[in-house]
Amino acid sequence: MSEETEITISEKSMEVLIAKFIPTSQYFERSFDTLQRQIDDLSRGQIDLKRDMDRRFKEAHDTQLELKRDMDRRFEQVDKRFEQVDKRFEQVDMRFAQVDRRLEQINEKLDTLIDKVDTKIDAGLRENRAMSFRLFSFAMVFSAISMAGFLAKLSGLF
């Protein structure tokens with residue numbers, strides 16, 4: 001009765017037998033496969049996210065450079081406008097210098113004219129004083145003659 005039979009089982013058969021008898025090993029294998037797929041998906045997602053972030057940072061950097069160039073160009077335009085304003089102020093300053101020279105000429109002519117008018121007025125006043133003195137002298141002489149005539153009439157000389 002004791003016949004012993006020897007059965008040889010290959011390694012693969014042993015794995016199948018163990019897997020069939022212990023169902024949790026299949027569960028763990030499926031779970032590990034699922035986890036591996038999820039990890040692979042996460043890795044791909046991280047790689048895609050990194051690429052997307054790199055692209056966005058590059059676009060932001062390019063945009064920033066473009067904005068900087070645009071600002072530089074606008075500042076250059078503002079500088080040109082200030083140069084034009086400076087030129088305009090120089091023109092206005094030259095015009096004011098011309099106006100100042102013209103006002104000085106007018107002032108000199110006015111001073112000359114005032115001097116001439118003063119001279120004429122002074123001459124007219126001297127002439128009027130001389131005429132007034134002559135008229136006063138004439139009036140006094142006429143009054144003296146009239147008084148002499150009146151006194152002569154009173155004294156009966158006429």
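## A salt-bridged helix, step by step

The side chains of arginine 44 and aspartate 41 form a salt bridge, with N and O 2.3 Å apart. The term means a side-chain nitrogen of Lys or Arg within 4 Å of a carboxyl oxygen of Asp or Glu. Both residues sit in helix 2, 3 residues apart, about one turn of the helix. Helices here are DSSP runs (H or I, at least four residues), strands are runs of E (at least two), and both are numbered from the N terminus. Arginine 44 is partly exposed, at 47% relative accessible area. Aspartate 41 is partly exposed too, at 44%. The scale runs like this: buried is under 20% relative accessible area, exposed is over 50%, and partly exposed lies in between (1.4 Å probe, protein chains only).

A word on the model. It is predicted, so local features need pLDDT of at least 70 and side-chain atom pairs count only at pLDDT 80 or more, while totals for chains, interfaces and linings use all residues. Residues are numbered from 1 along each chain as its sequence is written, and side-chain values use heavy atoms, with hydrogens and water left out.

Now step back to the whole chain. The protein has 2 helices and 0 strands. Helix 2 covers residues 23–154. The C-alpha trace spans about 220 × 35 × 15 Å along its principal axes. The radius of gyration is 64 Å, whereas a compact globule of 158 residues would have one near 15 Å. That radius is taken over C-alpha atoms, and the globule rule is 2.2 Å times the number of residues to the power 0.38. Buried residues make up 2% of the 158. The protein exposes about 15,600 Å², and carbon and sulfur atoms supply 61% of that area. Accessible areas come from the Shrake-Rupley method with a 1.4 Å probe; for residues, only the protein chains shown count as cover.

Return to the charged pairs. The structure holds 10 salt bridges. One of them links glutamate 59 to arginine 55, with the closest N and O atoms 2.9 Å apart. Glutamate 59 is partly exposed at 41% relative accessibility. Arginine 55 is also partly exposed, at 41%. Further along, aspartate 70 and arginine 74 meet in a salt bridge at 3.3 Å, N to O. They too lie in helix 2, 4 residues apart, about one turn of the helix. Arginine 74 is exposed, at 51%. Shared partners join Asp52, Arg55, Arg56 and Glu59 into one salt-bridge network.

Next come the nonpolar side chains. Leu110, Leu113, Ile114, Val117, Ile121 and Leu125 make a nonpolar surface patch of about 500 Å². Patches are made of residues with over 30% relative accessible area and no salt bridge; like charges are joined within 9 Å, and nonpolar side chains (Val, Leu, Ile, Met, Phe, Trp, Tyr) within 5 Å. Valine 117 lies in helix 2. Valine 117 is partly exposed, with 39% relative accessible area.

Last, the aromatic rings. A search of the whole structure finds 1 aromatic pair. Its rings belong to phenylalanine 138 and phenylalanine 142, with centres 6.3 Å apart and planes at 25 degrees, so the pair is stacked. Rings of Phe, Tyr and Trp (its six-membered ring) pair if their centres lie within 6.5 Å; planes under 30 degrees apart count as stacked, over 60 as edge-to-face and the rest as tilted. The two phenylalanines are 4 residues apart in helix 2, so about one helical turn separates them. Phenylalanine 138 is exposed, at 56% relative accessible area.
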